[in-house]
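The following note sets out some points for discussion. Please read each one with the structure in view.

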Amino acid sequence: MTHKGRIVSAVALTTLTLGLTACNDGEDAAPAQESPSASAPASSDPGAKSPSTDPSDDAAAPAGGDVAAPGTKFKIGDRAVLPFKYGTTKKGTVAVTVTAIEKGAEADMAAFGAKAKGMTPYYIRMKVENVGGTDLSYASLRLRGKLEGGAPTGVILIGDIQGKCDSEAAPRDFTTKGASYETCSLSATKTGPIAVASFEEGDAYRGSPVLWTS
């Protein structure tokens, strides 16, 4: 899948003069576009693990372990079972294993244009499994990168870097229990290193995400 990538600066309650749209990094609402964004060609504290109590996030009964409660912290390499909804029709339970958070080179961001100057990319690599056995074909799951301690990076990227961090949608046959695929979420920072991957999808996790740390 080919789409345009863009950069949105996440400075709370402040609109920058460079045409980047400000937003609160903890919010999932799509930021309003005030001017053309930089574009790039692209390919495409700990809690117990227990079922989510938010009815809006209920999915097929998990068949691969208890659903991780909002705020649960994992180590990189750990598998977390999570409720997942994509669009208005696809809903189920997935297991996400963050396999690595890799630092890229500033030069990798060149395709995003001048707004990417000084940004260091990080590649969050993961495996996604279909735990509930519902039809989640072509669904797309994204994790956000955060600084050590869970602070936001101040930058939101939409897109990927072809050949280095390809954001893959679920394949057509991602419809049965045990089906899996691998994908990558791109994050970037101008400050400290990205050391945390954050799952923030769904009302229950928006304010209390599941985190993976090294």
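**Notes on the strands and their sheet**

1. Strand β4 is joined to strand β5 (residues 90–103) by eight bridges, and the two run antiparallel. Within this pairing, L82 lies opposite V94 of β5. Please note that the model is a predicted one.

2. This pairing belongs to a wider arrangement. Four strands form an open sheet in the order β4-β5-β6-β9, and their pairing is antiparallel. Strands β4 (79–86) and β9 are at the edges with a single partner strand each, so one side of each has no neighbour in the sheet. From one strand to the next, the twist averages 40°.

3. One of the residue pairs may be located directly: E129 has S180 in β9 as its bridge partner.

4. Is strand β9 (residues 180–189) mostly covered or mostly uncovered? It is mostly covered, as eight of the 10 residues in β9 are buried.

5. The protein chain as a whole contains one helix and 11 strands. Read from the N terminus, its elements follow the order β-β-β-β-β-β-β-β-β-β-α-β.

6. Of the chain's 214 residues, 46% count as buried. The protein chain exposes about 10,100 Å², of which carbon and sulfur atoms supply 52%.

Technical notes: Residues numbered from 1 in each chain as written. Predicted model: local features only at pLDDT ≥ 70, side-chain atom pairs only at ≥ 80, totals over all residues. Heavy atoms only, no water. Buried < 20%, exposed > 50% of the residue type's maximum accessible area, 1.4 Å probe, protein only. Pairing = 2+ DSSP bridges. Areas by Shrake-Rupley, 256 points an atom, 1.4 Å probe, with all protein chains shown as cover. Axes fitted to C-alpha atoms, helices over the stretch in contact; angles between N-to-C directions.
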